[in-house]
Amino acid sequence: MATTDTGLGRTSRDTWLYRNRIKLAPWLFVAPALLFFAVYVIIPIFQSISISFYEWNGLYNAEGESTAEWVGLENYAKLLDDERFYVSLKNNVIWLVFYMLAVPIGLAIALFLNQTVTGIRLYKSLFFFPFVISQVVVGLIFGWFYNPDFGVIGSLWKAAFCEETINIVGNVTTKCSAPPPDILADENWATFAIIFAGLWPQIAYCMILYLTGLNNVSPDQIEAARLDGARGWRMLRHVILPQLAPATFLAIVVTVIGALRSFDMIAIMTRGGPFGSTNVLAYYMYETAISEYGDRYGYGSAIATVLFLIMLVYISYFLWRMYQDEKGR
Amino acid sequence: MFPKPIEQSSPARQLLYKFSLPIVLFIWLLPLLAIFMTSIRPAVDINSGNMFGWPSSFDLIPNYIAVFTDSEALVYFWNSVKVTIPTVIISVSLACLAGYGLAIYRFRFALPLFFLFIAGNFVPFQILMVPVRDLSVRTGLYDTVTGLVLFHAAFQTGFCTLFMRNFIRDLPRELIESARIEGVGELRIFWYLVLPLVRPAIAALSVLIFTFIWNDFFWATVLTQGESSKPITAGIRALNGQFVSQWHLVSAASLMAAVPPVVIFFAMQKHFIAGLTLGATKG
């Protein structure tokens, strides 16, 4: 036994556990979260990648062994010939590009609301509303707006291009010079219609990020720039935007991730249709892996892996930025 | 302040600004207003094509009652509550522990582990779908509320840990150092010193996670099947099929689904926004 503690006689201080407590403590604190996270997030990533080399319908034989069959890169080879895969990939690019509109529009609304008149706080929170409600609800609302028979578009169209006539029997018939457009059933427009709906909550999100950023813009610098004669656009570009850079960075990150994760709206509004024209990788994967045509887990996992690799570019960039931040501390 | 405070402009411009605010807001919230108006319309209006005109009568109460009596909406709603609240408690608790572990101790794996949580938080759901579904089926957790809770809690732990770690990291370090010199144990430092200090972060995180989980649709569709475990988001899609062309009922149900996150947001607005914008302001 080593030396006893002076006076108090707490011999527990001599144990190995006590001497290494500073080394052990972090692991004990992190362990529960790490374990949980590993089981449901980290390990499944590798499992998915491995499943993508198999053909599997998700079933097990009587002995409880998986019925998966090793096919190597075959799933990936099939992807290269799969037209629906290319359509989904193309739509992902369209999402990435047009979803980005949320950033400047969010900034514009933030600038519009950045005043101190009575009730402005309430206005700001009401503008934020769309972000708080579920995308399922947003999808339903817009799906209904786009409906040619009774939606807003349909009603406006009828007002502009249709005539109501009452025939001899007394029934009302409407005659239109052209039928109202069914946007969600139109291959060329459906994706844009969904993105437009998706922009609504995303703009609200970007707006909040910018409103907070604007709160922290240094008033001294604005004053100094005013004295130098900077106003309006020049002020925004050269004085305000540089100070809003952290907000812009975050807005772009969340918008990119939102665009690549887009699933809810598509599932609610078109289910990838018509003819797969609104599919994105996230929805196509789901459709392939869990569908009425049989569960193609292997093929679905290959699509998921491609999506994951695309996302990995952004994740790496984000981590790299965070690493620079940490080093700078 | 940018743009220039409106009080410094001409009275005409001030007036213009004050008038334009409600108009812009009206246009911005038009979709929501429309769905609200529909939810209080009688069925006759919808069948006769009066979708946007003045309702022929106000059926707020009968419509909302009809949603609950004619469908499983109440079950869905209750399922959402049963999924959301335990998830918030579990993931925030785990993240407090992990965030403390990663922020306070200087050990070699602190940063790699932290980055692991961040990276995992950003992955697309689809890369987890097949294994998680398979795991749930094999462990009997498929189509149960517990299964959803366990998955959500695990996944949200990534974001929560990122959040708590950054918050705890900004606490004054000397506080913890001096407690250690006094001989206070690690667990007691965490419980009596750190936890009370991070209460605002816990509040912010809880409202945020509540909204995320309440609004989740993907996992609700992937991990549930029957009525007994379906949360409200997946339920609404089912209702949309059940109430074909009964738009007044579908819209009432949708608004019901939107109420809890909206109420939480209004009650805890400051915390909610503080949570969302974490990191937006620091250089």
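Buried means under 20% relative accessible area, exposed over 50%, and partly exposed in between, using a 1.4 Å probe and protein chains only. The model is predicted, so local features need pLDDT of at least 70, side-chain atom pairs count only at pLDDT 80 or more, and totals for chains, interfaces and linings use all residues. Residues are numbered from 1 along each chain as its sequence is written, chains are lettered from A and ligands numbered from 1 in the order in which they are written, and side-chain values use heavy atoms, with hydrogens and water left out.

**View 1. A:Phe98 and A:Phe192 form an edge-to-face pair.** Rings of Phe, Tyr and Trp (its six-membered ring) pair if their centres lie within 6.5 Å; planes under 30 degrees apart count as stacked, over 60 as edge-to-face and the rest as tilted. Over all chains, this rule gives 56 aromatic pairs. Here the ring centres of A:Phe98 and A:Phe192 are 5.2 Å apart, with planes at 90 degrees. A:Phe98 belongs to helix α4 (residues 83-99) of chain A and A:Phe192 to helix α9 (residues 190-215) of chain A, so the pair ties together parts 94 residues apart in sequence. Helices (H or I, at least four residues) are DSSP runs, numbered from the N terminus. A:Phe192 is partly exposed at 31% relative accessible area, and A:Phe98 is partly exposed at 34%.

**View 2. A:Phe142 meets A:Trp200 edge-to-face.** Their ring centres are 5.6 Å apart and their planes lie at 65 degrees. A:Phe142 sits in helix α7 (residues 135-145) of chain A and A:Trp200 in helix α9 of chain A, 58 residues apart. Both A:Phe142 and A:Trp200 are buried.

**View 3. A:Met269 is a buried residue of chain A.** Look for A:Met269 in helix α13 (residues 264-269) of chain A; its relative accessible area is 11%. Leaving aside neighbours within four places in sequence, the contacts of A:Met269 (heavy atoms within 4.5 Å) include A:Phe142, A:Tyr146 and A:Leu184.

**View 4. Helices α8 and α11 of chain B cross at roughly 150 degrees.** The axes of α8 (residues 145-169) and α11 (residues 199-215) of chain B come within 11 Å. Axes are lines fitted to C-alpha atoms, for helices over the stretch in contact, and angles run from 0 to 180 degrees between N-to-C directions. That makes α8(B) roughly antiparallel to α11(B) (angles over 145 degrees). Among the residues making the contact are B:Phe159 and B:Phe163 of α8(B) and B:Leu205 and B:Phe212 of α11(B).

How values were computed:
Helix = DSSP H or I, 4+ residues; strand = E, 2+ residues; numbered from the N terminus. Parallel < 35°, antiparallel > 145°, perpendicular 65-115°, else oblique.
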